[in-house]
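Student: Could we go through this structure together, one question at a time?

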Amino acid sequence: MSFDTTPIDSKPAARIEGLDLSQPLEPAVYRALGQTLSNCPVLVFHGQDLDATAFHDFTRGFGPLQEHVLHKYRHAEYPGLSWLTNVAADESVDEFGVRRATTWHSDSSYTAAPPALGILHAYETPPTGGGTLFIDMGAVFDRLAPALQTRLRGLIGLHRHGAGPGSEMYDNSLSDDQAENHRDVFHPAVTRHPDSGRAILYVNETHTHKFEGMTKTDSIALVNDLVAQAVQPDAIYHHQWTPGDVLIWDERSTIHRGEGDYTPTERRIMLRAIVDQISIRE
Ligand code: OGA
Ligand code: MN
(Lines give C-alpha, C1' and ligand atoms only; values in the text may rest on other atoms or scores of the structure.)
(Ligands and ions follow the chains in the order given, each with its own letter.)
Protein backbone atom coordinates (compact mmCIF):
# COMPACT_ATOMS: atom_id res chain seq x y z
CA MET A 1 0.00 0.00 0.00
CA SER A 2 1.58 3.29 -1.04
CA PHE A 3 0.43 6.87 -1.52
CA ASP A 4 1.21 9.91 -3.65
CA THR A 5 2.41 13.16 -2.10
CA THR A 6 1.86 16.45 -3.94
CA PRO A 7 3.27 19.62 -2.34
CA ILE A 8 0.77 22.50 -2.25
CA ASP A 9 2.41 25.54 -3.92
CA SER A 10 5.11 26.91 -1.67
CA LYS A 11 3.06 26.16 1.47
CA PRO A 12 4.05 23.91 4.39
CA ALA A 13 1.40 21.40 3.25
CA ALA A 14 0.97 18.47 0.86
CA ARG A 15 -1.96 16.58 -0.60
CA ILE A 16 -1.92 12.81 -0.07
CA GLU A 17 -3.74 10.55 -2.51
CA GLY A 18 -4.20 6.81 -2.86
CA LEU A 19 -5.26 5.90 0.70
CA ASP A 20 -8.67 5.00 2.07
CA LEU A 21 -8.31 5.93 5.73
CA SER A 22 -11.44 4.00 6.71
CA GLN A 23 -9.60 0.72 6.02
CA PRO A 24 -6.83 -0.70 8.25
CA LEU A 25 -3.41 0.64 7.24
CA GLU A 26 -0.11 -1.22 7.46
CA PRO A 27 2.37 0.04 10.08
CA ALA A 28 4.66 0.89 7.14
CA VAL A 29 2.06 3.38 5.89
CA TYR A 30 1.86 5.05 9.30
CA ARG A 31 5.65 5.24 9.39
CA ALA A 32 5.77 6.73 5.88
CA LEU A 33 3.14 9.34 6.83
CA GLY A 34 5.17 10.19 9.94
CA GLN A 35 8.29 10.62 7.79
CA THR A 36 6.42 12.83 5.33
CA LEU A 37 5.31 15.00 8.27
CA SER A 38 8.87 15.65 9.38
CA ASN A 39 9.50 17.55 6.09
CA CYS A 40 6.01 18.84 5.43
CA PRO A 41 3.99 19.51 8.58
CA VAL A 42 0.42 19.50 7.20
CA LEU A 43 -1.02 16.55 5.22
CA VAL A 44 -4.34 16.96 3.41
CA PHE A 45 -6.65 14.09 2.38
CA HIS A 46 -9.88 14.59 0.45
CA GLY A 47 -12.96 12.40 -0.03
CA GLN A 48 -12.61 10.33 3.16
CA ASP A 49 -15.59 8.86 5.00
CA LEU A 50 -14.87 7.73 8.55
CA ASP A 51 -17.45 7.34 11.31
CA ALA A 52 -16.22 7.84 14.87
CA THR A 53 -15.14 4.20 15.20
CA ALA A 54 -13.16 4.25 11.95
CA PHE A 55 -11.64 7.65 12.80
CA HIS A 56 -10.66 6.35 16.23
CA ASP A 57 -9.08 3.24 14.69
CA PHE A 58 -7.20 5.29 12.09
CA THR A 59 -5.86 7.94 14.46
CA ARG A 60 -5.03 5.40 17.19
CA GLY A 61 -2.67 3.76 14.70
CA PHE A 62 -0.21 6.65 15.19
CA GLY A 63 -0.11 6.20 18.96
CA PRO A 64 -2.09 6.90 22.15
CA LEU A 65 -4.67 9.70 22.00
CA GLN A 66 -4.99 12.54 24.48
CA GLU A 67 -8.28 13.13 26.31
CA HIS A 68 -8.88 16.82 25.74
CA VAL A 69 -9.19 19.29 28.59
CA LEU A 70 -12.65 20.54 27.46
CA HIS A 71 -14.72 17.61 28.80
CA LYS A 72 -17.95 18.89 27.31
CA TYR A 73 -16.82 18.23 23.74
CA ARG A 74 -15.35 14.76 24.27
CA HIS A 75 -16.92 11.97 22.21
CA ALA A 76 -19.16 9.91 24.53
CA GLU A 77 -17.77 6.55 23.42
CA TYR A 78 -14.17 7.55 22.51
CA PRO A 79 -12.82 10.09 25.04
CA GLY A 80 -9.68 10.41 22.89
CA LEU A 81 -11.82 12.10 20.24
CA SER A 82 -13.52 15.50 20.60
CA TRP A 83 -16.07 17.38 18.59
CA LEU A 84 -15.35 20.75 17.07
CA THR A 85 -18.89 21.94 16.52
CA ASN A 86 -20.92 25.13 16.38
CA VAL A 87 -24.19 23.22 16.90
CA ALA A 88 -25.49 22.75 20.47
CA ALA A 89 -27.45 19.69 21.63
CA ASP A 90 -30.74 21.56 21.07
CA GLU A 91 -29.58 22.54 17.53
CA SER A 92 -29.06 26.22 18.46
CA VAL A 93 -25.73 27.94 17.71
CA ASP A 94 -22.96 26.99 20.17
CA GLU A 95 -21.26 30.39 20.47
CA PHE A 96 -18.15 28.98 22.11
CA GLY A 97 -17.89 26.47 19.27
CA VAL A 98 -17.85 29.36 16.81
CA ARG A 99 -15.15 31.34 18.60
CA ARG A 100 -12.89 28.68 20.07
CA ALA A 101 -9.35 28.25 18.76
CA THR A 102 -9.43 31.30 16.50
CA THR A 103 -6.14 32.67 17.87
CA TRP A 104 -2.76 31.11 17.02
CA HIS A 105 -1.83 28.10 19.12
CA SER A 106 -0.44 24.62 19.13
CA ASP A 107 -2.82 22.21 20.82
CA SER A 108 -2.17 21.46 24.49
CA SER A 109 1.09 23.41 24.70
CA TYR A 110 -0.04 23.95 28.32
CA THR A 111 0.74 20.30 29.11
CA ALA A 112 4.10 19.09 30.39
CA ALA A 113 4.57 16.74 27.42
CA PRO A 114 2.81 18.41 24.47
CA PRO A 115 1.30 16.15 21.83
CA ALA A 116 2.82 15.07 18.52
CA LEU A 117 -0.04 15.27 16.03
CA GLY A 118 -3.43 16.89 15.52
CA ILE A 119 -5.94 15.19 13.20
CA LEU A 120 -9.28 16.61 12.03
CA HIS A 121 -12.05 15.05 9.94
CA ALA A 122 -14.75 17.36 8.56
CA TYR A 123 -18.40 16.22 8.41
CA GLU A 124 -20.28 19.48 7.81
CA THR A 125 -18.63 22.70 6.67
CA PRO A 126 -19.84 26.20 5.77
CA PRO A 127 -19.90 26.96 2.02
CA THR A 128 -17.56 29.93 2.50
CA GLY A 129 -15.18 30.88 5.31
CA GLY A 130 -14.49 28.78 8.38
CA GLY A 131 -11.06 27.62 7.16
CA THR A 132 -8.08 26.66 9.30
CA LEU A 133 -4.67 28.38 8.99
CA PHE A 134 -1.26 26.78 9.64
CA ILE A 135 2.31 28.14 9.95
CA ASP A 136 5.58 26.19 10.02
CA MET A 137 7.44 27.47 13.09
CA GLY A 138 10.75 25.94 11.96
CA ALA A 139 10.66 28.23 8.91
CA VAL A 140 9.64 31.13 11.16
CA PHE A 141 12.62 30.58 13.45
CA ASP A 142 15.00 30.40 10.46
CA ARG A 143 13.99 33.83 9.23
CA LEU A 144 14.23 35.68 12.57
CA ALA A 145 17.15 38.08 12.99
CA PRO A 146 20.25 36.22 14.31
CA ALA A 147 20.39 38.34 17.49
CA LEU A 148 16.76 37.48 18.28
CA GLN A 149 17.45 33.78 17.57
CA THR A 150 20.31 33.85 20.07
CA ARG A 151 18.19 35.60 22.70
CA LEU A 152 15.30 33.14 22.22
CA ARG A 153 17.60 30.14 22.60
CA GLY A 154 18.17 31.26 26.19
CA LEU A 155 14.49 31.74 27.06
CA ILE A 156 11.99 29.44 28.76
CA GLY A 157 8.30 30.08 28.07
CA LEU A 158 5.51 29.63 30.61
CA HIS A 159 2.34 28.09 29.16
CA ARG A 160 -1.07 27.86 30.80
CA HIS A 161 -4.45 27.11 29.23
CA GLY A 162 -5.79 30.28 27.66
CA ALA A 163 -3.38 32.57 29.57
CA GLY A 164 -1.66 34.12 26.53
CA PRO A 165 -2.43 37.58 25.13
CA GLY A 166 -4.84 36.32 22.45
CA SER A 167 -7.19 34.12 24.38
CA GLU A 168 -10.17 35.90 25.97
CA MET A 169 -12.45 33.37 24.30
CA TYR A 170 -11.25 30.74 26.80
CA ASP A 171 -12.29 32.73 29.88
CA ASN A 172 -14.30 30.38 32.12
CA SER A 173 -13.96 27.45 29.72
CA LEU A 174 -12.33 25.25 32.38
CA SER A 175 -13.73 24.48 35.80
CA ASP A 176 -11.86 25.74 38.87
CA ASP A 177 -10.79 22.27 39.93
CA GLN A 178 -8.96 21.55 36.64
CA ALA A 179 -5.21 21.80 37.19
CA GLU A 180 -4.71 23.21 33.67
CA ASN A 181 -6.50 26.34 34.90
CA HIS A 182 -3.82 27.15 37.47
CA ARG A 183 -0.58 25.42 36.63
CA ASP A 184 2.19 26.77 34.41
CA VAL A 185 4.31 24.40 32.40
CA PHE A 186 7.75 25.38 31.14
CA HIS A 187 8.95 24.87 27.56
CA PRO A 188 12.09 26.27 25.93
CA ALA A 189 11.17 29.04 23.48
CA VAL A 190 13.24 27.16 20.92
CA THR A 191 12.74 23.40 20.73
CA ARG A 192 14.29 20.81 18.48
CA HIS A 193 12.10 18.61 16.30
CA PRO A 194 12.66 14.99 17.40
CA ASP A 195 12.70 13.63 13.80
CA SER A 196 14.13 16.41 11.63
CA GLY A 197 16.41 17.95 14.30
CA ARG A 198 15.23 21.35 13.15
CA ALA A 199 15.04 24.36 15.53
CA ILE A 200 11.41 25.36 16.14
CA LEU A 201 10.01 28.55 17.69
CA TYR A 202 7.70 27.06 20.33
CA VAL A 203 5.69 30.13 21.39
CA ASN A 204 2.02 30.88 20.79
CA GLU A 205 -0.31 33.74 21.63
CA THR A 206 -3.05 31.55 23.15
CA HIS A 207 -1.15 29.74 25.89
CA THR A 208 2.32 31.37 26.23
CA HIS A 209 2.00 34.20 28.77
CA LYS A 210 5.48 34.75 30.23
CA PHE A 211 9.18 34.02 29.88
CA GLU A 212 11.27 33.10 32.90
CA GLY A 213 13.15 36.10 34.29
CA MET A 214 11.13 38.64 32.26
CA THR A 215 8.30 40.90 33.41
CA LYS A 216 4.76 40.11 32.35
CA THR A 217 4.64 43.26 30.18
CA ASP A 218 7.90 42.51 28.38
CA SER A 219 6.88 38.87 27.95
CA ILE A 220 3.54 39.72 26.36
CA ALA A 221 5.24 42.25 24.08
CA LEU A 222 7.69 39.57 22.94
CA VAL A 223 4.94 36.97 22.36
CA ASN A 224 3.01 39.49 20.29
CA ASP A 225 6.12 40.51 18.33
CA LEU A 226 7.01 36.87 17.54
CA VAL A 227 3.48 36.07 16.41
CA ALA A 228 3.45 39.20 14.23
CA GLN A 229 6.71 38.06 12.62
CA ALA A 230 5.34 34.52 12.15
CA VAL A 231 2.10 35.56 10.49
CA GLN A 232 3.37 36.44 7.01
CA PRO A 233 0.64 35.85 4.39
CA ASP A 234 3.04 33.87 2.16
CA ALA A 235 3.90 31.52 4.99
CA ILE A 236 0.31 30.55 5.84
CA TYR A 237 -1.35 27.40 4.56
CA HIS A 238 -5.06 28.23 4.43
CA HIS A 239 -7.26 25.14 4.39
CA GLN A 240 -10.77 25.65 3.06
CA TRP A 241 -12.78 22.68 4.30
CA THR A 242 -14.98 20.31 2.30
CA PRO A 243 -16.88 17.47 3.99
CA GLY A 244 -14.73 14.34 3.83
CA ASP A 245 -11.42 16.18 4.35
CA VAL A 246 -8.91 14.82 6.83
CA LEU A 247 -5.94 16.94 7.96
CA ILE A 248 -2.96 15.69 9.93
CA TRP A 249 -0.52 18.24 11.28
CA ASP A 250 2.64 18.18 13.33
CA GLU A 251 1.85 19.90 16.64
CA ARG A 252 5.56 20.18 17.48
CA SER A 253 6.49 22.33 14.51
CA THR A 254 3.39 24.37 13.68
CA ILE A 255 0.88 26.84 15.06
CA HIS A 256 -2.65 27.03 13.72
CA ARG A 257 -5.97 28.74 14.24
CA GLY A 258 -9.54 28.60 13.02
CA GLU A 259 -10.38 31.46 10.70
CA GLY A 260 -13.75 31.93 12.41
CA ASP A 261 -15.15 34.09 9.60
CA TYR A 262 -18.34 32.24 8.71
CA THR A 263 -22.03 32.65 9.32
CA PRO A 264 -22.62 31.02 12.73
CA THR A 265 -25.93 29.45 11.65
CA GLU A 266 -24.09 27.47 8.95
CA ARG A 267 -23.17 24.14 10.46
CA ARG A 268 -19.49 23.33 11.03
CA ILE A 269 -18.89 19.90 12.56
CA MET A 270 -15.61 17.98 12.76
CA LEU A 271 -14.06 15.27 14.88
CA ARG A 272 -10.57 15.75 16.23
CA ALA A 273 -7.92 13.43 17.62
CA ILE A 274 -4.73 14.54 19.35
CA VAL A 275 -1.96 11.95 19.23
CA ASP A 276 0.10 12.21 22.40
CA GLN A 277 3.22 10.64 21.02
CA ILE A 278 3.97 8.68 17.90
CA SER A 279 4.23 5.02 18.73
CA ILE A 280 3.42 2.84 15.72
CA ARG A 281 3.02 -0.88 16.28
CA GLU A 282 5.48 -3.11 14.40
C1 OGA B 1 -8.97 23.69 17.92
C2 OGA B 1 -8.67 24.20 16.56
C3 OGA B 1 -9.36 24.83 14.36
C4 OGA B 1 -10.62 25.08 13.63
O5 OGA B 1 -10.17 23.54 18.28
O6 OGA B 1 -8.01 23.46 18.68
O7 OGA B 1 -7.55 24.47 16.30
O8 OGA B 1 -10.51 25.46 12.44
N9 OGA B 1 -9.65 24.37 15.67
O10 OGA B 1 -11.69 24.89 14.20
MN1 MN C 1 -6.18 23.67 17.72
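Student: Which residues touch the most other members of the largest nonpolar core?

Tutor: This is a predicted model, in which local features need pLDDT of at least 70, side-chain atom pairs count only at pLDDT 80 or more, and totals for chains, interfaces and linings use all residues. Residues are numbered from 1 along each chain as its sequence is written, chains are lettered from A and ligands numbered from 1 in the order in which they are written, and side-chain values use heavy atoms, with hydrogens and water left out. A nonpolar core is a set of buried Ala, Val, Leu, Ile, Met, Phe, Trp, Tyr and Cys residues joined through side-chain atoms within 4.5 Å, where buried means under 20% relative accessible area and exposed over 50%, with a 1.4 Å probe and protein chains only. In the largest such core, which has 31 residues, the most other members are touched by Phe 58 and Ile 248.

Student: What covers the buried residues of helix H2 (52-60)?

Tutor: Helices (H or I, at least four residues) and strands (E, at least two) are DSSP runs, numbered from the N terminus. The buried residues of H2 are Ala 52, Ala 54, Phe 55, His 56, Phe 58 and Thr 59. Counting contact as heavy atoms within 4.5 Å, their cover includes H1, strand S4 (81-85), S5, S13 and S15.

Student: Which protein residues are the donors of the manganese ion (ligand 2)?

Tutor: Donors are N, O and S atoms within 2.8 Å of the metal (3.2 Å for Na, K and Ca), and sites may look incomplete because water is not among the atoms. The donor residues are spaced H-x1-D-x148-H in sequence. His 105 lies in the loop between helix H3 (95-99) and strand S5 (117-124) and His 256 in strand S14 (residues 254-258), so this pair ties together parts 151 residues apart in sequence. Lying 2.1 to 2.2 Å from the ion, the protein donors are His 105 (NE2), Asp 107 (OD) and His 256 (NE2).
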